[in-house]
Amino acid sequence: LTQTGTLDSDARQRFADEVTAIHVSETGAPIEFVNVIFPELPEGRAFRAGKVADKAIIQAWIRAGRTDEVRHNIIQRVSDAYLELTGTDPMHVLVVVEDAPSSHIMEGGQIAPEPNPEAEKAWFAKQQTAGTPA
Amino acid sequence: LTQTGTLDSDARQRFADEVTAIHVSETGAPIEFVNVIFPELPEGRAFRAGKVADKAIIQAWIRAGRTDEVRHNIIQRVSDAYLELTGTDPMHVLVVVEDAPSSHIMEGGQIAPEPNPEAEKAWFAKQQTAGTPA
Amino acid sequence: LTQTGTLDSDARQRFADEVTAIHVSETGAPIEFVNVIFPELPEGRAFRAGKVADKAIIQAWIRAGRTDEVRHNIIQRVSDAYLELTGTDPMHVLVVVEDAPSSHIMEGGQIAPEPNPEAEKAWFAKQQTAGTPA
């Protein structure tokens, strides 16, 4: 979540590419599982310490079961990527990476696989046999 | 969360009706506890696998304490309802149902009741004696 | 999250001041750690009990590790502050305060400190020596 106008369409594409590459390289998950969205708020809608601030809040959900090290690497690399892309003051950038158990998630009409290659491969195989894409 | 223009006001009403009916039938909770909101993002603000995508992300919170079966039924039925309403490609629809403990939630100025009929009935009774609706 | 037009810029400043003061007084955390944002939804995008409603949904994250009493006080006071500011029907106001472990959060390029004064002081000291603000 950024202030309106902070990221243009080129910057969004570059940041989405970075986040996608980071997630895949840190977790080994299939690239199709990485969704990135860019909500915005008009100026004057974010406050820090009671004062209007130009804040970037990057909130992510990963499937529960990753190691602390993987999570830490994701947080650090996403934060670094955003800071390098925008050159903004680091104190204006907040990154939160939360867990969601696979059993709480559905995509393509199927409960998400546990975060390991075997489960993910089985998930995709089932998806393709079930698929009647619109 | 959908791309701007995906759901018109009629589709929103129908999907809100479906989600409300699903929650009440699966959990037995009072209908007044079901809130449904429809945030939107302009085109080009959602990416999947690094590419711009027309994604529907349906994120829900239920009070902690439901069985896995209830949660699974809610996820499956909400996903099915959205797919039937819109006819979209299932891979574009992501549903996440997370837990929030009742003690973390306040509505009507009172902490939310535990998810069972006795607690919910007591909550409403207290609400009505306390109530000075605006 | 409120319906567009519910809070003008003066009301947002006042509510941000209240939330900031409540968080600092209940937790003793540094004021710089309090971020408040005001997303909005156009009319007709929120439903309660299947009917269009003018709903205020106040969702907050605090670092995990606070006592139940601190959380309860925060929820109650934030709810009270919003009701007093707006005079709205209490049943239209939903407050949710969730936990996020410090290790899941990064600000200023550093993992957030545990929620205690020693850790917070050490965090700020490190921040200032590391700092090359843009």
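User: Why is the pair R45(A) and E40(C) called a salt bridge?

Analyst: The closest N and O atoms of R45(A) and E40(C) are 3.2 Å apart, and the rule asks for a side-chain nitrogen of Lys or Arg within 4 Å of a carboxyl oxygen of Asp or Glu, so this pair qualifies as a salt bridge. This is a predicted model, in which local features need pLDDT of at least 70 and side-chain atom pairs count only at pLDDT 80 or more, while totals for chains, interfaces and linings use all residues, and side-chain values use heavy atoms, with hydrogens and water left out. Residues are numbered from 1 along each chain as its sequence is written, and chains are lettered from A in the order in which they are written.

User: How many salt bridges does the rule find across the interface of chain A and chain C?

Analyst: The rule finds two salt bridges across the interface of chain A and chain C, and the pair R45(A) and E40(C) is one salt bridge between these chains.

User: What makes chain A and chain C count as being in contact, and how many residues take part?

Analyst: Contact means heavy atoms within 4.5 Å, and by that test 29 residues of chain A are in contact with 27 residues of chain C. The area buried between chain A and chain C, which is the accessible area (1.4 Å probe) that two parts lose on being put together, summed over both, comes to about 2400 Å², and carbon and sulfur atoms give 58% of it. Of the area that chain A buries against chain C, R45(A), F47(A) and M91(A) supply 27%, more than any other three residues.

User: Which strand of chain C is joined to strand 4 of chain A, and what makes them a pair?

Analyst: Strands here are DSSP runs (E, at least two residues), numbered from the N terminus, and two of them pair if DSSP finds at least two bridges between them. Three bridges join strand 4 of chain A to strand 2 (residues 35-37) of chain C, so the two strands pass the test, and they run antiparallel. Within this pairing, R48(A) stands opposite N35(C).

User: What does the interface of chain B and chain C bury?

Analyst: Chain B and chain C bury about 2400 Å² between them, with 58% of it on carbon and sulfur atoms. I37(B), H104(B) and M106(B) supply 26% of the area that chain B buries against chain C, more than any other three residues.

User: Which residue pair forms a salt bridge between chain B and chain C?

Analyst: R45(C) forms a salt bridge with E40(B), and their closest N and O atoms are 3.2 Å apart, so the distance falls within the 4 Å limit.

User: Which strand of chain C is joined to strand 8 of chain B?

Analyst: Three bridges join strand 8 of chain B to strand 7 (residues 93-100) of chain C, and these strands run antiparallel. I105(B) stands opposite V96(C) in that strand of chain C.

Key: Helix = DSSP H or I, 4+ residues; strand = E, 2+ residues; numbered from the N terminus.
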